[in-house]
Amino acid sequence: MTLPTPRTLAEKVWDDHVVRRADGEPDLLYIDLHLVHEVTSPQAFEGLRLTDRPVRRPDLTIATEDHNIPTLDIDKPIADPVSRAQVDALRANCAEFGVRLHSLGDVEQGIVHVVGPQLGLTQPGMTVVCGDSHTSTHGAFGALAFGIGTSEVEHVLATQTLPQAKPKTMAVTVNGQLPPGVTAKDLVLTLIAQETTGGGQGYVVEYRGETIETLSMEGRMTICNMSIEWGAKAGLIAPDETTLDYLHGRPHAPTGSDWDAAVAYWRTLVTDVDATFDREVVIDASAVTPFVTWGTNPGQGVPLGDSVPSPDDFDTDAERVAAERALEYMGLTAGTRMRDIAVDTVFVGSCTNGRIEDLRAAADIMRGRKVADSVRMLVVPGSARVRLQAEDEGLDIIFKEAGAEWRGAGCSMCLGMNPDQLTPGERSASTSNRNFEGRQGKGGRTHLVSPLVAAATAVTGRLTAPADVQAQV
Amino acid sequence: MDKFTSHTGTALPLRRSNVDTDQIIPAVYLKRITRSGFEDGLFAAWRNDPDFVLNQPQYDGASILIAGPDFGTGSSREHAVWALTNYGFKVVLSSRFGDIFRSNSGKAGLLTALVEQPVIDQLWSLVETDPSTEVTVDLENLVVKANSFSARFEIDDYTRWRLLEGLDDIGITLGHEGEIALYEARRAAFKPATQESAQQADIAGKPSVEAALSQPA
C-alpha cells in the first residue's frame with residue numbers, strides 16, 4: 001500500500017472537482033456554484049441563444065443585481081436608461097433560462113459576494129465562479145473561488161464546468177495579534193504593498209496562521225476578497241469552528257444528516273502536514289498598523305503614520321515611472337504626511353468591507369460624533385439583509401445623526417457605475433478594493449482604507465487613525 | 001472564432017505599467033449588452049489628452065499593442081478585450097499580464113504574447129523611431145519580428161492550439177458530456193442548490209428577451 005501524497009487545501013478542492021484530465025489539456029473542473037450579475041452576463045446569455053443551448057444547471061446558478069443599480073430611490077424604475085436596459089436584460093434572461101434572480105427590492109438582493117455567503121450557498125470545498133474578479137471572497141470558507149470573463153460565464157452556463165490550468169500554490173502565514181484599531185483590511189493592504197500587484201500572479205494562496213484563525217468570517221472574506229489585487233488566482237482559508245458556526249442554520253446550509261456528512265467532509269479540508277507550497281510568505285500581524293494607499297494601484301500603500309513616498313524610493317524604472325504618474329494623478333507631493341491629506345468623500349461599503357461587522361466598526365467610531373462639514377459620507381450596505389440587520393441594531397440612526405447618507409445595497413461608489421461617483425479632482429477615503437485612476441468616477445482620487453480609518457477620517461476630514469479620534473473624547 | 005496563425009501590422013507603443021482593465025475601459029462604458037461597440041471606451045480617460053499615444057496620427061491603424069508590465073490587471077471585465085478587438089487590435093505584447101484578462105483574450109481571439117521586458121524595450125524603440133515599422137507575430141513559431149529584430153514569445157500550448165484552430169471552447173467541452181454526467185452522478189448530496197427543482201428551462205416556450213424588454217416596466 002502506498003501512502004497518499006500530502007496535498008494542500010487548494011489541491012484537495014481542485015482534485016475533488018476534476019471531471020476530466022488528459023495530457024496536453026487543462027483539467028476540466030466542475031463548478032458547484034455560479035453567481036451571475038447584470039454587467040458580465042448579457043453577452044453570455046446571448047451566446048446561448050445563438051447556439052440554442054440551455055443553462056445546464058439553473059439549480060447551481062443564482063443571479064442578483066448589484067453593479068450598476070442606484071442606491072437611492074430603489075423602489076422606482078432605474079433612471080439611467082442604459083443601466084435600466086442592462087438590468088432588464090438580466091431579468092429577461094433569468095426568466096428565459098430558469099435562473100433564480102434576486103432583483104432590486106428583493107430582501108436577498110445585494111452584492112453577489114455578500115449574498116452567496118449570507119444565504120449559506122458558499123460552503124467549504126466548493127468551486128465558486130462569477131463574472132467578477134472579487135469572487136475570491138468566497139475562499140474564506142475554504143472554497144476554490146475565482147473570477148471569470150464573460151466567455152467563461154457562457155461556458156459555465158452551458159456546461160457547468162471550466163477548463164483550467166492548474167495554478168501554483170502559495171502559503172501566506174500570519175502570526176501574532178493585530179493591534180487594537182488594526183483590521184483585516186490593514187493586514188491585506190500591508191501584504192499587497194509588500195508583494196506588489198503582480199506578486200501573487202499564477203498562485204492560489206492559502207492564508208493561514210494564528211492571526212487568520214482568530215479572524216471572524218467577515219475579516220477572512222476581506223482578506224480573500226483582495227487576493228486578486230496582488231494578482232492571485234484565488235485565496236482561501238481552511239474551514240474551522242468559526243466557519244461552521246457562521247454556516248449553521250443559514251437558508252442553504254445542509255441540515256440533519258446532510259449537515260453531519262458535510263461537516264465530516266469539511267474537516268478533511270486542511271493542508272496536510274507534509275504538503276509543500278511552491279512559495280511561502282510570513283507576516284507578523286503585531287507589526288501591522290493602520291494602512292492606506294497613496295497611489296493608483298492597491299500595491300501603492302504605506303502605514304498611515306508615514307509620508308507620501310518619492311519616486312526615487314523605488315527600485316525599478318517601471319515602478320519609478322508609475323509612482324511619478326500616480327503622484328501627479330493623485331495631486332500629491334512626496335514627503336507629505338498621509339495624516340495631512342484632506343478628503344472630500346468617505347465611502348463605507350463594497351464586497352471588501354460592506355458586511356455587518358464593517359458597518360458596526362464604522363458606527364462605533366461615528367457614535368456621538370459628526371461627519372466633518374467638508375466631507376460627505378456614504379454608507380452603502382453590502383446587501384439588503386445587511387441593511388435590515390444594521391437598521392435592527394440602530395446603526396442607520398448613528399450614521400444619519402452623524403450626518404452620513406444611509407443608502408440601499410449595491411456596489412455603488414466602489415466602481416462608480418451607478419450615480420454614486422466622485423467628481424474630477426475629488427478625493428475619497430474608501431473601504432473598497434481599487435484605487436485605480438477614475439475607478440470611483442472620472443478624475444476621482446481614491447485612498448483605500450479600513451472601515452475604522454474611513455469613519456475616523458469622516459470625523460476629522462483628513463486621513464485619520466481610529467485611535468486619534470477615540471483619544472479626543 | 002477565426003483562426004489565428006500569424007499577424008503582421010504596425011504597432012502602438014504604450015509606455016505604461018499596471019494598465020488595469022478600468023483604464024482599458026472604464027465601468028461607465030460597460031453597459032452595452034452586445035459584444036460590439038466598445039471601441040469608444042478604449043482608454044477613454046487617457047484619450048482626452050491629445051498627446052496620448054492612441055491620438056497620435058503616426059500610429060493610426062496600429063493592430064499590435066506593445067504594453068508595459070502588468071497589463072490587464074484588476075477587474076474580470078471581458079469588455080476590456082472587446083474594446084481592444086473592436087478598436088482593431090489583434091495582439092498585445094507585455095512582460096506580464098493579469099490572469100483573467102489573459103484568459104479572456106484567449107477566448108475572444110486576442111493574442112496575448114508574453115515576452116521579457118528587454119524585448120518590449122527594443123520594440124518600443126523600433127516603433128517610436130519609425131511608426132511604420134511592420135511587426136509580425138507568428139503564433140505557429142512563437143516568434144515576434146520587426147525589421148532584423150526577432151524574439152521568442154510565450155503562450156500556453158492549449159490556448160495556442162485553440163487560437164490556431166479557431167476552436168469554440170464550449171463545443172469542445174460539450175464533447176465530454178458523458179464525463180460531466182458521470183461526475184454529476186457522484187456529487188455529494190449535501191451540496192447546496194439555489195432552487196429546489198433542477199428542471200432546465202424550456203427555451204422554446206419562454207418569451208424572448210426582446211419581447212420582455214418591449215413590455216412596459
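## A buried salt bridge in chain B

Let's start inside chain B of this predicted model. B:Arg162 counts as buried because its relative accessibility is 2%. Its salt-bridge partner is B:Asp169, and the closest N and O atoms of the two are 2.7 Å apart. B:Asp169 has a relative accessible area of 7%, so B:Asp169 is buried as well.

## Salt bridges in chain A

Over all chains, the structure holds 44 salt bridges. One of them brings together the side chains of A:Asp15 and A:Lys166, with an N to O distance of 3.6 Å. A:Asp15 sits in helix α1 (residues 9-15) of chain A, while A:Lys166 sits in the loop between β8 (161-164) and β9 of chain A, so the pair ties together parts that are 151 residues apart in sequence. A:Asp15 is partly exposed, at a relative accessible area of 25%, and A:Lys166 is partly exposed too, at 44% relative accessibility.

Another pair in chain A is A:Arg267 and A:Glu241, whose closest N and O atoms are 2.8 Å apart. This pair also links distant parts of the chain: A:Arg267 belongs to the loop between α10 (256-266) and β12 of chain A, A:Glu241 belongs to helix α9 (residues 241-247) of chain A, and the two are 26 residues apart. With a relative accessibility of 43%, A:Glu241 counts as partly exposed.

## An open sheet and its helix

Now find the open sheet in chain A, where 4 strands line up in the order β11-β10-β9-β12 with parallel pairing. Its edge strands are β11 (234-236) and β12 (279-284) of chain A, each of which pairs on one side only. On average, neighbouring strands of the sheet are turned by 20° against each other, ignoring direction.

Look at strand β10 (residues 203-208) of chain A, which runs parallel to β11(A) and is joined to β11(A) by 3 bridges. Here A:Val205 stands opposite A:Gly235 of β11(A). Helix α6 (residues 184-195) of chain A packs on this sheet and touches β9 (168-175), β10 and β12 of chain A. The direction of α6 makes about 130° with that of β12(A).

Strand β15 (residues 345-348) of chain A runs parallel to β18(A), with 3 bridges joining them, and A:Val346 has A:Ala429 as its bridge partner. Strand β19 (residues 445-448) of chain A also pairs with β18(A) in the parallel sense, over 4 bridges; there, A:Arg427 stands opposite A:Arg445.

In strand β7 (residues 144-147) of chain A, A:Leu144 and A:Phe146 point one way, A:Ala145 and A:Gly147 point the other way, and all are buried. Strand β6 (residues 127-130) of chain A pairs with β7(A) in the parallel sense over 4 bridges, and A:Val129 is the bridge partner of A:Phe146.

In soluble globular proteins, nonpolar side chains tend to be buried together. In this model the largest nonpolar core has 110 residues, and B:Phe43, B:Phe71 and B:Leu84 touch the most other members. Helix α16 (residues 451-460) of chain A gives the most to this core, with 7 residues. Leaving out residues up to four places away in sequence, B:Phe43 has contacts that include B:Leu14, B:Val19, B:Phe52, B:Phe71 and B:Leu84. A second, separate core has 75 residues, among them A:Leu90, A:Ile148, A:Val205 and A:Trp266.

B:Leu84 is also one of the buried residues of helix α3 (residues 79-87) of chain B, along with B:Trp82. The cover over the buried residues of α3(B) includes α2 (42-51) and α5 (150-159) of chain A, as well as α1 (21-24) and α4 (99-108) of chain B. After α3(B) comes B:Gly88, with a positive phi near 125°.

## Where the two chains meet

The contact involves 70 residues from chain B and 90 residues from chain A. Between them, the chains bury an area of about 6600 Å², and carbon and sulfur atoms give 55% of it. Of the area that chain B buries against chain A, B:Lys31, B:Phe190 and B:Thr194 supply 12%, more than any other three residues.

There are 10 salt bridges between chain B and chain A. One salt bridge joins the side chains of B:Glu184 and A:Arg56, at 2.9 Å from N to O.

Key:
Residues numbered from 1 in each chain as written. Chains lettered and ligands numbered in written order. Predicted model: local features only at pLDDT ≥ 70, side-chain atom pairs only at ≥ 80, totals over all residues. Heavy atoms only, no water. Pairing = 2+ DSSP bridges. Axes fitted to C-alpha atoms, helices over the stretch in contact; angles between N-to-C directions. Contact = heavy atoms within 4.5 Å. Core = buried A, V, L, I, M, F, W, Y, C linked by side-chain atoms within 4.5 Å. Buried < 20%, exposed > 50% of the residue type's maximum accessible area, 1.4 Å probe, protein only. Buried area = accessible area lost by both parts, 1.4 Å probe. Salt bridge = Lys/Arg side-chain N within 4 Å of Asp/Glu carboxyl O.
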